[in-house]
Amino acid sequence: MTHTDDAAQWLRLKDHQLFLALSIIVGILAGLVAVLFSLAIDRVDAVFFGPTPSAWRMVLVPLAVSLVTGVLLATLFPDARGSGVPQTKAAFHLHQGVIPARVPIGKFLTGALGIGAGHSMGREGPSVQLGAGIASVIGRWIQLPPERISTLIPIGAAGALAAAFNTPIAAVLFALEEIIGDLNASLLGSTVIASVASVVVERSILGNEPLFRVPPYHLVHPAELFGYAALGVVGGIVSLIFCKALLGFRGWFKQLPPRTLMFQPAIGGLAIGLVLLVAPEVKGVGYEYVDQALNGGLLVRTLIVLGVVKLVATLVSYASGNAGGIFAPSLFIGAMTGGLVGTVVTRLAPFPTAEPGAYALVGMGALFAGIIRAPMTSVFMIFEITQDYQILVPLMVANLLSFTIARRYQPLPVYDALLRQDDVHLPSTLRRSSAWAARDVMTREMVFVDAETSVDEALAMPGGAAVVLVGTPERLLGVLTRRRLAQARGDGRGAVAVGEIADRSFAHVHADHALDVVLERMPAPEAVLPVVRRDRASAVLGVITLESLMRRQERTTAATAEGAAGHAGRDGA
Amino acid sequence: MPPWTAPSRPPHGGPARCPSCGQPTRAGRCRSCELARWTRVVRQEFVRLVILIVITAASFWGTRSFARSNAALRRDQAAAWFMLGQEALRSGRGDAAIAALRRSAVRDPGQGRYRLALAEALATNHLDADARRELLALREAQPEDPAINLHLARVEARSGDADAARRYYESALGGLWRREQGDMRRATRIELVDFLLAHDQRARALSELLVLDVNVPEEADLHLRLGAMFLRAGDPRRALDHFTLALSQTPKSGAALAGAGQAAFELGDYRRALRHLAAVPLADVATIERRDLAALVLASDPLLPRLAIRERQERLAAAADRALATLYACRGSTTAPATALDSLVEQMTALQSSLEVRNRPRSAPAAIDDGLDLVVRAERAAAASCGPPTTALDRALLLIGRQRVLEDS
């Protein structure tokens, strides 16, 4: 060993030391970028609207800005559309934590412009993507191994969210609950460090002002829990309406011809401009009015109008493909819903009740639990906002009910559902209960027929597979059994294209799905179960048939027998 | 890290060369390889971390500068909204004022006066609960701020919580005003006295007034205000002093004249009362009534100095006629046992006959004194049995009786 070698070894950091240092740096940078993003939104708002904007300005600013961001989103930053949380989840679960550097850049630009120009969206989702993006870029620049880059994603996300919302504990929980999907994750320590570092930086820049000024609320009478339960039910229903409408509306936009993609945000911009003429309060993030609702400062009529208009405005802004999140809108709508329910309960209840502001606070949590499906994050977020344990019991009651109702009628969480619309299927957070995965039992021997092929031609094809896959390996359109083909020919439809009679809503699995999932989804013994990619669910990796399952079983049995024979031989020797 | 290798010496002699790169070595060490190793080291994560730290620090300063510039912008916006809010408040557009002031408070939450103005606007718009919430939040940060306590006192006073209001008024009095300390404290105390008087706490009000009475600046309006409050608190003497001081500065002030007249009237100085009240320009109904009553007292009192005996007798006779008529009217209207009234009627009848012209003695001041006593007793008995007197002369006779009691005591 020379001195140089010693110095080199000394300079080299051990893996855990490096990761610790990176967690702190990523946390700080994520916090800084979240603060900067928030400031940029404020500045854009101030520049475009000024203190008293005219009606024309209200209409034209969102439209003009959306035209610009539409071009940017369609050409340079296609991954910057929408919230950013689904994309971050996809990066963590499917892309080994790789988020290209242009994604955070694009998100910052289009997000700040869009939200600052009045789009009714939140800054937290984009902040999560910004933080995760920075973490990914740093991880790759430091030349971390891929699995390490991936672990930096929730750390960056937690750091950014902690600064964006000034709630460090909730940010950690959000990273674990929503991004990783596992509250027992081993990354808890790193996310906590990043979150704390981020909040320290944020407070040193913006001061220790809470996001909302909330008076101390508490449960006034035990019977009041019924009021909060009612709020939970209403919150669940509103969450469902929001999720279904968002997905439906976005699905409609996605069906429009691809050439309109560039102009879709402008459609949203025009709609928002018109909405702002009626209710300028729903402009941008809208936390000023959440604050008023939390302080009981809004009339019933105002609560209803703002709640409904915000819901519509958010649907339009998000579904049309602008960059911005649904985190803040869910809190806004929740506060209005809670304030409304609280006013009703306060007036009608035969027992003493808290003020409507307390219900607005719980309503925020209930909607968050129903829409975002992160109940623990919701509870801790409200706790951090109020710094008061007293409200936790009502909050948990309302959250649980809202969460249960929303999950019952919309089983797929909204972020996952949004990814599905983009043809991305995230892995389940359930642990594998079997040693075999779908990739172990699938076969790559597949027969594809073109969708235009006639039934007669398909039946005449050599191979005689029980199931025909319609489309190409890169784009599976549907599946068809030979029995269905024969039946079609028997009905005199031999000349019909297979694409017309193929089953397009076929069951499928992903390569990492456990065997019990495979068996659960296998439609029939003679059927075929396509194994598709997670990041592009129309692309086929292989198929699972009863035959492929049996072949795998035979191979395993043979291997086991060989192993046993080997052992026996050695024992004999 | 490549393994360290011993330098090889060429067979023909000359400098040893590094087996890795073939370069000549010195003292068995290859400079070229060492440089390469160092290059690798600097490329490693440690140096990159240092670079990251530098970038982080630069980003921090950059973000902080941007935040400061944004904060300045927000402050400007808040000030603009504050002005708009104040303007709306002045022009009576309460909702617009609240909206604008709320924006100003949100834009610059550190500026307490915006939130105070918002609370004021809320209170003006009768949104007392909201105003109270704002003020309590402010008070949490500045519990001794007199302006916050004063506003809270007003809100509580309006909502009828007298104890809380008084507490906040007292906190406001104990606080330190940022400017015009004496004036602000005096104005607050005046407001407190007003509040106490409105809630019928005259003793407490009087004690606060006595504090106010020390070092009062020579301002007619202030004397006028204090005089009125002393009157309401039941101290007409100090009231008269303040009204007199006010009159010394503004001799033709109607309010000062009316106040001085009322104070003198309550002190029983009807001559002075009449003088002031008669000089009041554009007198209101109460002042006119009081003036007429004072004049009637002066015209009816048989014991006023410098009256001829005949005049005294005539006045007493008129008073007795009136008192007897009142007694008869009262006895006829009341259902209660009228023994006492009957006895008085008898005595009054006797007095009346004794005062007939032909029966009048030449000089008997003591008899006039006794006669007036009887008249006053008769008026009081009638008032006690049948309610307040209805005629001016009855009231005047009661006032004369009160005056006699005061003089005797």
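Modeller: Start with helices: a helix is a DSSP run of H or I, at least four residues, numbered from the N terminus. A:Val200 lies in one of these, helix α9 (residues 188-206) of chain A. Keep in mind that this is a predicted model.

Colleague: Why is A:Val200 called exposed?

Modeller: Exposed means over 50% relative accessible area. A:Val200 has 52%, so A:Val200 is exposed. Together with A:Leu188, A:Val192 and A:Val196, A:Val200 makes a nonpolar surface patch of about 310 Å².

Colleague: What makes the pair of A:Tyr228 and A:Tyr359 stacked?

Modeller: Ring centres must lie within 6.5 Å, and planes under 30 degrees apart count as stacked. Here the centres are 4.3 Å apart and the planes are at 5 degrees, so the pair is stacked. The pair links distant parts of the chain: A:Tyr228 is in helix α10 (residues 224-255) of chain A and A:Tyr359 in helix α15 (residues 356-371) of chain A, 131 residues apart.

Colleague: How do you know that A:Tyr228 is buried?

Modeller: Buried means under 20% relative accessible area. A:Tyr228 has 0%, so A:Tyr228 is buried. A:Tyr359 is also at 0% and therefore counts as buried.

Colleague: What makes the charged end of A:Arg408 sit over the ring of A:Tyr409?

Modeller: CZ of Arg must be within 6 Å of the ring centre and within 35 degrees of the ring normal. The charged end of A:Arg408 is 5.0 Å from the centre of the A:Tyr409 ring and sits over that ring.

Technical notes: Residues numbered from 1 in each chain as written. Chains lettered and ligands numbered in written order. Predicted model: local features only at pLDDT ≥ 70, side-chain atom pairs only at ≥ 80, totals over all residues. Heavy atoms only, no water. Patch = residues over 30% accessible without salt bridge, like charges linked within 9 Å, V, L, I, M, F, W, Y side chains within 5 Å. Areas by Shrake-Rupley, 256 points an atom, 1.4 Å probe, with all protein chains shown as cover. Salt bridge = Lys/Arg side-chain N within 4 Å of Asp/Glu carboxyl O. Helix = DSSP H or I, 4+ residues; strand = E, 2+ residues; numbered from the N terminus. Buried < 20%, exposed > 50% of the residue type's maximum accessible area, 1.4 Å probe, protein only. Phe/Tyr/Trp six-rings, centres within 6.5 Å; stacked < 30°, edge-to-face > 60°.
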